[in-house]
Amino acid sequence: MTDDAIDERPRVLDSAEFVALYDRHHRSVFSYVARRLGPDVAEEITAQTFTEAWATRARYDPERGSPIVWCLGIATNMMRKHARSEVRQLRIYAATGVDPLTPPTTPGADGPAVAREELRSVAEALSHLDRATRDVVFLWAAADLSYEEIADTLSMRIGTVRSKLSRARKKLDSAVDDRRSLEGSAE
Amino acid sequence: MSDNPLKAFRASAAELDDERAERMRQRVVGIVAAEEIGTNPPDTANQDRVSTGHARLDTPLRDYPLAPSSTRRRSQAPAFAVLIVVLALIATAALMLARHTSAPSADEPKRLPDLRSIAGTADALPDQPLATGSYQYRRITSGSQASGRPVTEEVWVAADGTGLVRTAETSGTLSRSGTTVSPVHEDTDIASTRHFGGWFYEDLRQLPTDAQKLRATLGSTAGGNLSSAEIGRLATDLVSWTATPPAVRSAAFQVLSDVGFAYVDDAAVQGRTGQRWVLNDEAGAHFVVLDPASTRPVAFYDVPPGVGPEIANATRWIVYEAAEYRPTGGMTAGHLGS
């Protein structure tokens, strides 16, 4: 390796910089995982994510994505073994109306009212998505990442992200529309 | 795209409370500090493991002390399993030997409760079909360790599936009083129907009275392949409704027995007492608290692995507060009264 090559390598985060990174991003990682797997699993995965990030910080290249993209990528990777559990929780939510991961929200308490039945429809539709598409949807909806950031996080082409998200949104829209039309016919 | 439902779904995520945040920070900062003290270099030896510098879905995770390698665990798992089976056999044999060799005692412990005896009680209860114009009513309160905001939900469901739902945070004022429930359609079945409380009246009346068939029906609900604990949860929901026929109710308790719920103790949960039963699996301990006399559930809650068996520490919980036939009190479907 030449001196030039050494100079081009990104500087490795020191402990103070890493703790600052943790303080800045741990809530985003926790929130993203908690929506998918609940707070207890989220605590474990969030801690493991930053542990892994610290251990592999020498390979982090800021030019290939922001720190939060890096961390969400690690977290998404760690959630793979929980994929079946996630689907089950979504299906239980859809079937019983009680969110297994959080208590029921109180729609209408603030902001525009979103019928509880619609949330169940969303849960059911999400449960039928394949894992990779669900990753895209949650990174977009729960982590507020842009298409480019999702592509970086999942090492996908941006076109793939767009098409997966587009198909998923159509399915979710269709599920909610079906529910609304049923409610309309009941009134 | 109507993003609101998905955004609202996102908004319902558990918030990070201070205690949990502090626990996580100590853990991560502790590891960082330990490596600093030990002057261990960062992992630069295996640069090609993640060539992009980012996590890849096809990249194995680092074998880190806090996250034991799944490969290593897999390699040790068979040995542990054999050891556990051998120990269990030895313990069982010792217990049987002790029972056969010891003299009968005057203080013989009383017989432990049996879910099948509750099934027998359920079978002998009178059937309570729903009268025309009446509603099945149920009130449950649910919460989780993370939220600290229990929510009470009241549901009125008529025989045709129409009805009302009313939810309120128990610590606050009523914020939503009602909405419509879609009617059940002739071409829908239990496995594909979304509805309040899990069951419409006609569903409840037509469920199998054979325990094995009922277990299969419950297991195919919500997309199928449900775990024993999830089937137990649905069975618990099933027996919480007044309109559930005695024979179906009886079969549901046999299902709870068949999937492996074991008696723990008589417990008080949220001020209500009952028999506490538990099913343990890899996801933790799943508790159901039952009133053996009425054969109604009192509560259902889950405790993750490594957490004490107290409801205050439960991941999530549901308390069944009331179930009966009740009018809607002047509220009509579609009318948002206050």
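A charge is taken to sit over a ring if NZ of Lys or CZ of Arg is within 6 Å of the ring centre and within 35 degrees of the ring normal. The model examined here is predicted, so that local features need pLDDT of at least 70 and side-chain atom pairs count only at pLDDT 80 or more, whereas totals for chains, interfaces and linings use all residues. Residues are numbered from 1 along each chain as its sequence is written, chains are lettered from A and ligands numbered from 1 in the order in which they are written, and side-chain values use heavy atoms, with hydrogens and water left out.

By the criterion given at the outset, the charged end of R57(A) sits over the ring of W54(A), at 3.4 Å from the ring centre. In chain B, R326(B) lies over the face of Y137(B), 4.0 Å from the centre of that ring.

W54(A) also belongs to one aromatic cluster, together with F18(A), Y22(A) and F50(A). Rings of Phe, Tyr and Trp (its six-membered ring) pair if their centres lie within 6.5 Å, and planes under 30 degrees apart count as stacked, over 60 as edge-to-face and the rest as tilted. Over all chains, the structure holds six aromatic pairs. In one of these, the ring centres of F18(A) and F50(A) are 6.5 Å apart and the planes stand at 75 degrees, so the pair is edge-to-face. Helices (H or I, at least four residues) and strands (E, at least two) are DSSP runs, numbered from the N terminus. Because F18(A) lies in helix α2 (residues 15-37) of chain A and F50(A) in helix α3 (residues 39-55) of chain A, this pair ties together parts that are 32 residues apart in sequence. Y22(A) and F50(A) likewise form an edge-to-face pair, with 4.8 Å from centre to centre and 80 degrees between the planes.

Burial is expressed as relative accessible area (buried under 20%, exposed over 50%, partly exposed in between, with a 1.4 Å probe and protein chains only). Y22(A) counts as buried because its relative accessibility is 1%, and F50(A) counts as buried at 0%.

In chain B, seven of the eight residues of strand β6 (residues 284-291) are buried, so this strand is largely enclosed by the rest of the structure. Two strands are said to pair if DSSP finds at least two bridges between them. Strand β5 (residues 272-281) of chain B pairs with β6(B) in the antiparallel sense over seven bridges, and N280(B) stands opposite A285(B). Seven bridges also join β6(B) to the antiparallel strand β7 (residues 296-303) of chain B, where L290(B) stands opposite P297(B).
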